[in-house]
Every structure is written in C-alpha cells, then in structure tokens.
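Good morning, everyone, and thank you for making time for this short talk. Please have a look at the structure first, and then I will walk you through some parts of it.

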Protein chains: 2
Amino acid sequence: MKKIKINFRIVNNQKIQTFRLNVMLHGLLMEIIPPSYAELLHSLPVNPYSQSVKLEGDLYIWQINLLDEDAESLIGQALLDDEFSQFNLRSLNEGLCRIESKTTEELSQKQLTDIFYEDKTVSKIRLHFNTPTAFKQQGEYVFVPDVRLIFQSLLMKHSQLIDHREEINVELLEEMIQSSRISSYRLNSYYYQIHGIKIPAFMGSITLDVRAAQSLINFMLVLFRFGEYSGVGIKTSMGMGSLTLGQLR
Amino acid sequence: MKKIKINFRIVNNQKIQTFRLNVMLHGLLMEIIPPSYAELLHSLPVNPYSQSVKLEGDLYIWQINLLDEDAESLIGQALLDDEFSQFNLRSLNEGLCRIESKTTEELSQKQLTDIFYEDKTVSKIRLHFNTPTAFKQQGEYVFVPDVRLIFQSLLMKHSQLIDHREEINVELLEEMIQSSRISSYRLNSYYYQIHGIKIPAFMGSITLDVRAAQSLINFMLVLFRFGEYSGVGIKTSMGMGSLTLGQLR
C-alpha cells in the first residue's frame, strides 16, 4: 500500500472549502488515470484508494492512499509522473494549481502482517478521525463513532482488498466489539457536503479500551494500520473518513 | 427558584482544580446552613439545590441554585447574609477566600409556567453542558448525552420538586424522546473525581431537532429552563451537570 502526499498551492491564492476541493480532486484523479481503469474503479464494490485534502497555512496537502497493486501502479504512476507538476481545477475560476512537492510512504503486506506477531502489551488505542467520518446503517447515516461500525467498516475493506474475500468473518467482528469500549473522546459533528447533499458526520478522536488476547488486539492494530490507508466509513474516495492510529498504551 | 452567584478569590492566589473545590464548597454549604436542615437534605431523594464552581480569570464563580422555598429561604439566607463575606476552606492549606460580590437571579413558578403558553415556533434547541455531566443507567455510568436519559433526569427532578409527585409521566417521556434527535454536537469526555472516585462524564453542547406539537415543545422548554436550576444527571450538588439552554431556532 502506498500513501502519496501532494503539496500544492492555488496560484491566485484563493481559499476554497476542503469538501468542495475534495470533489474536484476526485474528478481530477479520474481524468489523469487511464480511462479504462477509471471505468473499472467505478464498478468495484470497494475502492482500492482513498483520498482527502487539508489546508496547512496556505499550502494544500492532498493525500492519496493506494491499496492494491493496480492502484499503486496506475494511479501512482499518474500522480508521481514528473510531468504532473501543475493542474487546473476546471470547476474553479482561475483554478490553476502548482505542485510544490510530493512525498510517498509505503506499507508492505509483510509490514502489515508483522504487526500481527508483535508482543507489545496494549490496552488503550487512540484513533484520530482527521476528516468528517460517517457510517451507513439500515439506510440511515450514523454520525457517531460506534465501535461496531468502525470495526465492521475496516474489516469489510480489509477482507475485500487484502484477503480478496467477499464475506467478513462475523465471529471475529463480534469478538472485537465485545473486547472494546470507548473510554474517552473529543468529537464534533460536521455536515459534509458532496454534490449538494449534506452528510452528517463527525471529526475528532476517541480512545478505545481493549481487553482481549494478544492475537485479537494485534489484529485490531492491523486493521487500524490498514485503516490509515483505506479510511473508515463511507465516501473515503471523496475526502471522508481519514483515520490515523494514535497513541498506544 | 433562585440562582445565587458568589464571586470569590482565594486570598493567597493558589489555583485548585474545580472538582476538588466543588467538594469543599459542598462541605462549606452544609456547615453554614442550620444543622437540622442539612440533616433533612441528606435524607431527600432529590436535592432541592445544585451547585458548581468555575474559574474565570483569577476569580472563582460559585453558582448555587435553589429549587424550592425551604432551600431558597434557608440556604439563600446563609449565603446572602452580609456577615458571609469570607470563608475558609479547611481542607485547603491557607484556604481563606474573600467574597468579591454576590448576584441573584430568580425564576418564579409563574415565569416557568408561562413558557408553556408561548407560541414561538421552535425546531432546534441548543443545550450546553457546562460542567462534567453523567447519567446512571442499570448501575452503569453513561457519559454521552443520550436523549432518553436527559429527558428522564429532568422530568424526574421536575416531577418531584415542582409537581411533588414521586412518579414521572412515562407517556410524556416517550413522546419527548420520539420527537427529538441530536442533530449536531461538540463534546468531550472528562473523568470527574469525587472523593477519589473517577466518574466518566462529558462536557460540551448539543443541538436537538424537535418535531412535535407546540405544547410538547413548550413543555421541553419548561424542563430545560428548570434544568438551568436543577442541573441534569447525577451529582448535581457536587458540581456536575450544570446545564444552560442556548440558542433556539
């Protein structure tokens, strides 16, 4: 898996809400990759990429996470190409953007698997939801960090993208839910607009208290490290659900 | 009902955590009122007072809410007496405190009842939880603002202190719960220490979306205005559960 960060500036220095920018950048992404691959992506049940953008000072940090080999090679190639040094956000008036720098970070399948064999004692796991995050349950949006929905979302993405299985291991899911509870939090709700629709979401951080066998806790850590690439919840290709694994205790 | 605010300074300027101060001030309160009344208070199922303290700059603001006539007269008298111009927090080393000013605010039974007959359209109610707030449900602490537990707590306090009924109106409670949902929030958890016990609690604010007949919404507003005096949830005599009714839309 590969994390690409593209730091760019909008040349005329206009400020734009990140949720609008996310939609534009998603459009851009679909334009610069091979059309046949863009078409394939639209048909997949789980996206092998996630992306989000944030503003730091006057620099936008666009983060694109690539979760399988095809995405790494086809999206990675397009983004890391030296020719790709500026771009135009067409739906923005004078939307020329200049790329200042690009960084990449990789997490191999082996590194991810290795976490599973660590013997560090962990009882508290901090999770940061860096961008608006939401789940869908029985057709309704859920805009609180429900333990079941967090694990279910990550396990589903992990099963499909890493294990190439359609079905999730339901017993494993139940075990993780039973062994975890939120012991502290700092959260706020946020209505995230995509194509004019306001999605109720949340941002902030939680601490999970976990009491379980080492192997189960290690598997949770695998999921959360994976989640730093996949994102969690809905619309992770549109800037939502950016996750970071924080302090472990 | 009466709200008394006592602004005081600790003479030697020491800073002290408000949860420790709350316990001390509760002790002080019990000392300055008639002993027989203090004894009576200990035996009541619902406290006819609530209190909390906060620090603003280097001034402590101690707020005491008095919910019935006995409390207004007996606690009010003790606190508003001109002789009560300084006090000593004995469990604090050099705990002399000087009172800078006192203010009072009243809400009559009639003013409270009048809310019930207003015809202002309200669909959004902002609530502020100014101090750590928690509920107890089936022996467990609940440290999120659950709509059911908020209404249940306020209705219980209101029934006992205003209507002098032991039982709450369960149908009314269910109607209020059915008509309300949290549409936005900004919250953080907080472990509040009382006598060495850490109680999981939350602080922050929520917006309730309400869709109901005018009379039901008005009754909710009565409860919330009452709640500004009673506080909400557990340990409101020890600084927890201070509530303010915020913006209405």
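Let me start at one end of a sheet, where S4(A) and strand S5 (residues 96-106) of chain A pair in the antiparallel sense over three bridges. Within this pairing, Gln86(A) stands opposite Arg98(A) in S5(A). When I say strand or helix, I mean DSSP runs, with H or I over at least four residues for helices and E over at least two for strands, numbered from the N terminus, and two strands pair if DSSP finds at least two bridges between them.

Before going on, a word of care: this is a predicted model, in which local features need pLDDT of at least 70 and side-chain atom pairs count only at pLDDT 80 or more, while totals for chains, interfaces and linings use all residues. Residues are numbered from 1 along each chain as its sequence is written, chains are lettered from A and ligands numbered from 1 in the order in which they are written, and side-chain values use heavy atoms, with hydrogens and water left out.

In what order do the five strands of the open sheet in chain A lie? The order is S2-S3-S1-S5-S4, with antiparallel pairing, and the edges are strand S2 (49-56) and strand S4 (86-88) of chain A, each of which pairs on one side only. On average, neighbouring strands here are turned by 30° against each other, direction ignored, where axes are lines fitted to C-alpha atoms, for helices over the stretch in contact, and angles run from 0 to 180 degrees between N-to-C directions.

In chain B, S2(B) is joined by eight bridges to strand S3 (residues 59-66), and the two run antiparallel; the bridge partner of Val53(B) in S3(B) is Trp62(B).

Now to the helices of chain A. Helix H5 (residues 147-161) and helix H7 (residues 214-230) of chain A pack at an angle of about 80°, with their axes 10 Å apart, and H5(A) and H7(A) are therefore roughly perpendicular to each other, a term that covers 65 to 115 degrees, while under 35 counts as roughly parallel, over 145 as roughly antiparallel and the rest as oblique. Among the residues that meet are Phe151(A) and Leu154(A) in H5(A), and Phe219(A) and Leu223(A) in H7(A), with contact meaning heavy atoms within 4.5 Å.

How do the two chains relate? Chain B can be laid on chain A with an RMSD of 0.0 Å by a turn of 180° and a shift of 0.0 Å along the axis, and the two copies are thus related as by a two-fold rotation axis; copies are superposed by least squares on the C-alpha atoms of residues with pLDDT of at least 70 in both. Of the residues of chain B, Leu187(B) comes closest to the rotation axis, at 2.8 Å (C-alpha). Finally, 100% of the interface residues of chain B are also interface residues in chain A, so the copies meet through the same surface.
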